[in-house]
Amino acid sequence: MLCCSVNFLFLCFFLQNNTPESIQPISMQTFTSMMNEILNPSTPKSTVSSIFKTLIHSLLHSPESHHSQILKLIADLSSHHPSLAQLALDSLQSMLPQLTDPPSQLTIEYLDALVNISERPVEVDDSLFTSICLAASFPVRLWMVRNSGCRVMVRPELLYPVLMGMTKEPYPCLREEALEALVRLGECAVFEEVSLVKGCYERGVQLLSDNEDCVRISAVRVLYVFQVALWGLMLASFNVDTKTYWSNEVFAMLCSVVRDMNMKVRVEVFNGLGKMEIVSKELLMQSLSKRVLVLDQSPTEQFVLLASNVAGALVHGVEDEFFEVRKSVCQSLRTLTVLSVEFAHAALNLLMDVLNDYKVEVRFQALETMHHMAINHCLELQENYMHKFLDVLEDNSSEVRFSARKIVRLMKLRNHLLFKSTMDVLLKNLDSYPQDEADIFSVLSHLGRNHKQFVDLIANEIADEVEASFEGNREFNSARMAALLVLSISAPFLNADVCPIPPVIFSFAATFLSRICCAFSDVMNRDTLLEYLIQKSSSMVQPEVNISNGEGQNPLAKDDVQNVAGNEMIHSEITINNGEGQLPLSKYNVQNVALEMKPPNDVGQHKRPVHDSVVLTYINYILVKLPNIWPKVQSCSANEVLCSLRHWKEELTSLTFDSSAPADASAFALLYLKIIKLVVEVWDHLVRKTEVVSGTVELEDKLEKLDGRAKELMNRFIGFSAEEEISVLELILLTYTLRLCRSEICSRNFIFKRMTIIYLRTESFLKLRSDVASGFVAELGSLIRESSNGGASCSSLAFDNCLKLFSPKRLMIREGIRHRRAELSIPNNCPDYPLPFAPGLTASIPCDITIHNISSNCRAWVRMCINDGFTQHVYLDLQSFEVSGEVRKISYAVPYYRTPELDSFNLKVCIGLESLFENVTPVQAHGGPKCELVLLCEEKIVYLSRVL
């Protein structure tokens with residue numbers, strides 16, 4: 001900062017003591033000070049103006065050796081202070097004529113400064129341009145030629161002869177830059193006369209034999225740029241025959257250079273071939289054969305000469321030792337194969353050989369060319385090519401595999417064997433490269449849509465394999481199962497009548513929803529796919545669902561996807577039948593469409609969106625599978641069952657919801673699956689009768705966790721129907737039975753009392769419904785009635801016998817289930833901003849509390865725990881909460897009384913609800929909850945720091 005101030009004072013002194021008339025040469029220190037002030041945005045405008053005037057006048061009085069630095073400062077000043085840019089341009093342009101006799105390096109520096117300051121190309125008069133191009137200095141001439149047509153604008157009538165003359169310069173750099181300037185002019189279509197264009201083209205032909213590599217590269221560019229310009233002029237005059245003649249000649253001329261000794265020249269040649277718009281079929285075919293082909297018609301002498309130049313040009317390219325050349329050949333074939341279908345079929349043989357190239361870049365480009373051919377309907381893979389092509393799907397390069405799969409998406413295979421081979425390779429690809437799963441699923445989806453008749457032949461075989469895997473009769477490979485399901489369900493997209501896929505396939509696919517939805521992202525989103533799967537599986541017998549006061553069939557749509565023509569994109573619409581006609585379901589976003597359905601026995605209530613019903617049905621699809629997997633648990637196949645449960649949990653976790661009803665149902669289903677998972681693990685542990693200490697500790701941990709989950713299920717959900725309540729109570733009885741199966745368990749009587757309470761509740765529900773108890777409940781009832789002194793009189797063997805009778809009920813939940821939960825936040829609190837406290841005095845903990853679905857007659861508490869194990873409870877008066885429907889909110893300063901003699905400490909705070917189901921013994925007699933607490937939210941850590 002001090003240095004900048006000194007520089008500024010020095011600069012002010014310099015400007016005050018040096019008027020423009022008496023200005024002295026500027027020193028390096030002054031240059032530095034000026035640069036600092038120019039770059040400083042806070043420099044006063046008056047100072048900037050003074051600096052500008054000083055710099056302009058310094059150009060007249062300073063030595064030429066300083067002009068370069070002065071011009072740079074002027075350019076920087078104009079860039080940072082645009083208001084002075086035009087003044088700088090006028091000043092420099094007025095000085096320019098004084099520097100052109102003769103032109104020197106200083107002239108070029110002035111021009112360069114003008115170009116840098118101006119936002120557009122600088123126009124130069126004829127005399128200045130001519131004098132510079134004829135200057136003796138090589139750098140001066142090179143600068144002007146290099147900038148002509150881009151940064152410096154000159155009349156085309158003058159520029160053309162000068163550049164043509166420059167192409168004969170002895171310096172290779174000048175010849176190269178002159179040709180590049182001609183290329184720029186040709187791309188801008190500056191020349192409007194055929195003679196000028198033809199002259200540029202002929203000069204390019206002459207310089208193809210230049211000794212310098214850089215000149216030959218530019219000459220190749222001149223050829224294909226000016227042949228395009230020539231075509232445009234000829235089309236304007238409707239001279240099509242002449243255009244074809246020139247096209248063939250340019251093609252042959254470029255092909256004659258494919259054997260050039262320089263690799264970059266060869267690359268440029270093939271880049272030029274890729275820009276051809278018209279070439280005769282005969283010359284294209286000749287480029288694939290090193291031997292001059294014999295034509296049916298008598299060839300002209302000129303055509304034979306062209307054919308000899310073209311012979312084997314593309315073959316030489318793919319055989320080149322440099323991969324850059326081979327890659328360029330593949331790029332040029334993208335354009336050339338579109339010009340002739342016959343040539344495309346012949347060139348495919350060349351591309352198939354390139355697929356064995358050792359360079360990834362070349363293989364990738366060959367596949368991209370084949371994909372371009374497929375898009376333009378000129379790719380026809382014969383059966384003898386398919387095996388080589390399918391090998392590419394196993395390539396080590398992810399780019400190559402991805403490009404090959406793009407071609408498979410567009411394939412139309414002719415027979416079932418090729419289809420089966422392609423499917424098998426993709427499934428093998430899935431095992432080898434699991435990271436490509438999403439792309440492989442997408443390819444299988446397109447394969448099924450494009451070959452529905454072949455999918456039909458293997459549909460039953462796929463259904464048997466999938467069903468056997470889900471039932472545990474063979475090893476469960478989830479990736480393979482998902483792939484087969486994608487292939488199967490994609491086939492009916494185009495025409496459902498042609499491809500009768502077994503409905504069970506769609507039912508299984510629904511359990512893989514989050515995993516396979518990416519395969520159909522081009523035609524429908526996740527919600528629409530779920531609708532589609534449920535519709536297609538609706539032909540299966542659906543279990544009844546209790547709705548309101550009656551029972552009705554779950555309203556599922558039964559319409560198929562409409563038949564849509566075309567292969568590029570399937571714009572399908574799914575329709576829902578609501579009893580009043582068919583309603584179209586958006587193929588992009590189910591939430592944007594007002595689809596409503598009315599339950600048959602619920603006429604008086606408002607309609608609910610079909611999206612909620614679909615989510616609820618999807619949840620029920622998972623829950624109804626639980627009775628089917630129980631025989632595996634009893635046969636000690638726990639690993640397979642746990643794998644299925646884990647997968648269903650992931651599917652439920654990935655669901656999104658439009659309202660709270662399906663969210664509450666999903667929370668219940670998730671907790672239900674977690675309890676089943678723990679039951680399976682404990683069951684397996686008891687069957688194996690592990691006696692090691694670690695196994696015993698692990699079992700005890702699982703039993704404790706199971707007990708906690710059971711309490712959550714009983715206390716955190718309300719609104720059960722009688723049937724749902726009985727299913728939940730039987731599951732709770734199972735958890736207590738598992739505990740009592742252990743002979744060494746402590747507090748057997750206490751657990752037996754809790755089980756008795758749940759049993760009596762279950763018995764009362766059964767009597768109300770006049771239902772018969774299951775074998776498991778009936779056997780437990782017999783044990784409870786026969787026991788004389790609680791659970792101590794019952795042996796573990798008796799409870800083992802009860803377990804053998806258990807089987808989970810077929811549970812179907814409805815929208816009436818509500819989830820009791822709480823949200824707790826501690827505002828403005830983190831380790832960096834702790835709350836203050838004074839030891840021995842009450843600390844205030846600010847809490848924002850929101851509770852859902854909890855009535856005012858419940859007993860809720862704030863539980864606060866410290867690291868030493870002390871726990872304090874504060875009662876929440878639910879009457880004081882702000883009520884909005886089923887949601888209650890309050891901001892409450894919770895007091896904490898037992899503040900320790902520490903500099904800082906942490907509290908764990910959460911919200912709990914008293915459990916009223918198992919009121920066996922009081923937990924706390926005074927000043928706290930009378931029954932056990934069930935936590936409604938995760939614990940929040942509160943940071944407190946002592947006030948100094």
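Helices and strands are runs assigned by DSSP, numbered from the N terminus; a helix has at least four residues and a strand at least two. By this definition, the protein chain has 38 helices and 20 strands. The model is predicted.

Of the 948 residues of the chain, 53% count as buried. The chain exposes about 43300 Å². Carbon and sulfur atoms supply 52% of that area. Contacts across the sequence were also counted. Among contacts with a separation of 6 or more, 70% join residues 24 or more positions apart.

Helix α23 spans residues 416-432, and helix α26 spans residues 478-490. The two pack at an angle of about 145°, and their axes are 10 Å apart. The crossing of α23 and α26 is right-handed. On the α23 side, the contact is made by Phe419, Met423, Leu427 and Leu430. On the α26 side, Ala479, Arg480, Ala483, Leu484 and Leu487 take part. Eight residues of this contact are nonpolar, one is charged and none is polar.

Salt bridges were then searched for. The whole structure contains 41 of them. In one, Lys290 pairs with Glu319, with the closest N and O atoms 3.0 Å apart. This pair links distant parts of the chain, 29 residues apart. Lys290 lies in the loop between α15 (281-286) and α16 (301-310). Glu319 lies in the loop between α17 (313-318) and α18 (323-339). Lys290 has a relative accessibility of 47%, so this residue counts as partly exposed.

Another salt bridge joins the side chains of Asp357 and Arg326, at 2.6 Å from N to O. Here too the partners come from distant parts of the chain, 31 residues apart. Asp357 sits in the loop between α19 (341-354) and α20 (360-375), while Arg326 belongs to helix α18. Both Asp357 and Arg326 are buried.

A further salt bridge connects Glu901 and Arg946, whose closest N and O atoms are 3.9 Å apart. Glu901 lies in the loop between β17 (887-896) and β18 (904-914), and Arg946 lies in strand β20 (residues 940-946), so the pair ties together parts 45 residues apart in sequence. Glu901 counts as exposed because its relative accessibility is 60%. Arg946, at 31% relative accessibility, counts as partly exposed.

Salt bridges also form a network. Arg401, Arg405, Arg409, Asp436 and Asp439 are linked in this way.

Terms used:
Residues are numbered from 1 along each chain as its sequence is written. This is a predicted model: local features need pLDDT of at least 70, side-chain atom pairs count only at pLDDT 80 or more; totals for chains, interfaces and linings use all residues. Side-chain values use heavy atoms; hydrogens and water are left out. Buried means under 20% relative accessible area, exposed over 50%, partly exposed in between (1.4 Å probe, protein chains only). Contact means heavy atoms within 4.5 Å. Accessible areas come from the Shrake-Rupley method with a 1.4 Å probe; for residues, only the protein chains shown count as cover. Axes are lines fitted to C-alpha atoms, for helices over the stretch in contact, and angles run from 0 to 180 degrees between N-to-C directions. A crossing is left-handed if the near helix is turned anticlockwise from the far one by less than a right angle, and right-handed if clockwise. Ala, Val, Leu, Ile, Met, Phe, Trp, Tyr, Cys and Pro count as nonpolar, Asp, Glu, Lys and Arg as charged, and the others, Gly among them, as polar. A salt bridge is a side-chain nitrogen of Lys or Arg within 4 Å of a carboxyl oxygen of Asp or Glu.
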